[in-house]
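Notebook open, structure on screen.

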Amino acid sequence: MGGSAAEQATAREQAGWWELYANLKFDFGNAPDADIRITFDTNDGAWSTVGTDARQVPSNQATMNLGFLDGGTAGHEFGHAVGLAHEHSSPAGGIQWNEPVVLAALAGPPNFWGPAMVEHNVFRKYSLDQINGTTFDPDSIMLYAFPAQWTLNGVGTHANDVLSSLDKAFVAGAKMYPKTGPGPSKATPLNVGAPRTKANIGRAGEEDLFQFTADEDGVYQIDTRGKTDIYMKLFGPNSETALMDEDDDSGYGLNPRISARLLAGNYFVQIRHHDRTSGTGEYTIGIKQH
Ligand SMILES: [Zn+2]
């Protein structure tokens with residue numbers, strides 16, 4: 001419902017962030033009975049109805065407004081459209097509000113929110129039986145950035161303009177939009193917490209593929225050791241093609257290390273020889289749960 005070609009392209013692109021992981025396909029067009037109807041009214045902020053609440057909106061009205069498109073705003077609003085609430089409304093949420101400070105800050109420009117509005121948008125938390133969710137995710141795109149002064153313990157939140165590893169894992173998980181499991185794979189199985197597995201880059205540019213199962217939700221660390229300069233990519237959950245994270249040399253020496261919050265599921269690790277001019281040889285790979 002309006003928008004320039006560039007604004008529409010941004011909305012389409014950031015909606016695609018969810019499509020990569022969730023078993024969802026958005027069909028963009030001008031259908032008058034579309035489930036999601038987007039306006040680009042610069043005087044109306046950025047908001048979206050949550051999930052199937054969109055069906056309660058009269059068909060001549062928008063279900064989402066993208067009045068600004070900074071950072072990952074469209075990705076955040078599409079998160080609402082596929083059923084995600086704000087991370088700070090999580091009953092598992094760890095934010096301890098300094099309520100008088102927050103009320104005073106939001107009473108002024110640009111929000112001009114009264115106490116009821118602040119209660120609804122910021123303080124309110126769902127009860128456990130109202131939602132399906134994860135542990136509190138400080139990196140979720142569904143979390144606002146809050147200054148440290150707004151909390152009693154002086155711990156604020158940072159701006160999140162991309163999907164977090166837990167955002168990706170959750171929408172791909174059994175409670176949301178799981179894809180069918182991966183087909184037969186040539187990946188070498190790895191076990192979490194097992195002794196490190198020896199592998200070898202035999203020729204320049206070679207790639208190795210590994211697979212592991214996270215039996216429970218948690219933070220997992222995957223790293224390699226050795227003198228070979230390699231690059232790591234993590235795919236999943238339950239997909240060999242949905243990229244969750246990548247790393248060059250956060251580990252020892254030139255080795256990659258990825259630490260990610262994961263939901264239970266199957267994950268794939270691609271190890272690639274990083275620099276065709278550098279040496280080949282052995283390395284080891286290991287996974288542990290924190
Ligand atoms: Zn929101």
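This is a predicted model: local features need pLDDT of at least 70, side-chain atom pairs count only at pLDDT 80 or more; totals for chains, interfaces and linings use all residues.

I began with the lining of the largest pocket and sorted its residues by class: 19 are nonpolar, 13 polar and six charged. For the classes, Ala, Val, Leu, Ile, Met, Phe, Trp, Tyr, Cys and Pro count as nonpolar, Asp, Glu, Lys and Arg as charged, and the others, Gly among them, as polar.

Residues are numbered from 1 along each chain as its sequence is written, and side-chain values use heavy atoms, with hydrogens and water left out.

**Pockets**

I looked up the volume of the largest pocket and got about 1,200 Å³. Its lining has 38 residues, and Ala-46, Phe-68, Glu-77, Trp-113 and Tyr-144 lie nearest the centre. I checked which elements contribute: β2, α2 and α4 each supply at least two lining residues. (Helices are DSSP runs of H or I with at least four residues, strands are runs of E with at least two, and both are numbered from the N terminus.)

The second largest pocket holds about 870 Å³. I find 29 residues around it, with Asp-27, Ala-34, Asp-35, Ile-36 and Arg-37 nearest its centre. Here α1 gives the most to the lining, with three residues. By class, this second lining has 16 nonpolar, seven polar and six charged residues.

How a pocket is defined here: on a 1 Å grid over the protein atoms alone, it is an open set of points where a 1.4 Å probe fits, with protein on both sides within 12 Å along at least five of seven lines, and lining residues have an atom within 4 Å of a point. Points are joined across faces, edges and corners, and the volume is the space filled by probe spheres set on them.

My cut-offs are under 20% relative accessible area for buried, over 50% for exposed, and partly exposed in between (1.4 Å probe, protein chains only). The buried residues of α2 pack against α1 (5-19), β1 (38-39), β2 (46-48) and β3 (64-66), with contact meaning heavy atoms within 4.5 Å. Just past the helix, Gly-83 has a positive phi of about 110 degrees.

**Salt bridges**

I count four, taking a side-chain nitrogen of Lys or Arg within 4 Å of a carboxyl oxygen of Asp or Glu. Glu-19 pairs with Lys-25, closest N and O atoms 4.0 Å apart. Glu-19 is buried at 17%, whereas Lys-25 is exposed at 73%.

Asp-137 and Arg-261 also meet in a salt bridge, 4.0 Å from N to O. This pair links distant parts of the chain, with Asp-137 in the loop between α4 (115-123) and α5 (165-172) and Arg-261 in strand β10 (residues 257-262), 124 residues apart. Asp-137 is buried at 1%, and Arg-261 is partly exposed at 29%.

Asp-223 and Arg-196 come to 3.0 Å, N to O. Asp-223 is buried at 4%, while Arg-196 is partly exposed at 32%. Shared partners join Arg-196, Asp-223 and Arg-225 into one network.

I found a cis peptide bond between Gly-236 and Pro-237, omega about -10 degrees. Pro-237 lies in the loop between β8 (230-235) and β9 (243-247), and Asn-238 lies in that loop between β8 and β9 too. Phi of Asn-238 is positive, near 60 degrees, in a residue other than glycine.

Phe-112 is not a glycine either, yet has a positive phi of about 55 degrees. I place Phe-112 in the loop between α3 and α4, and it is exposed at 59%.
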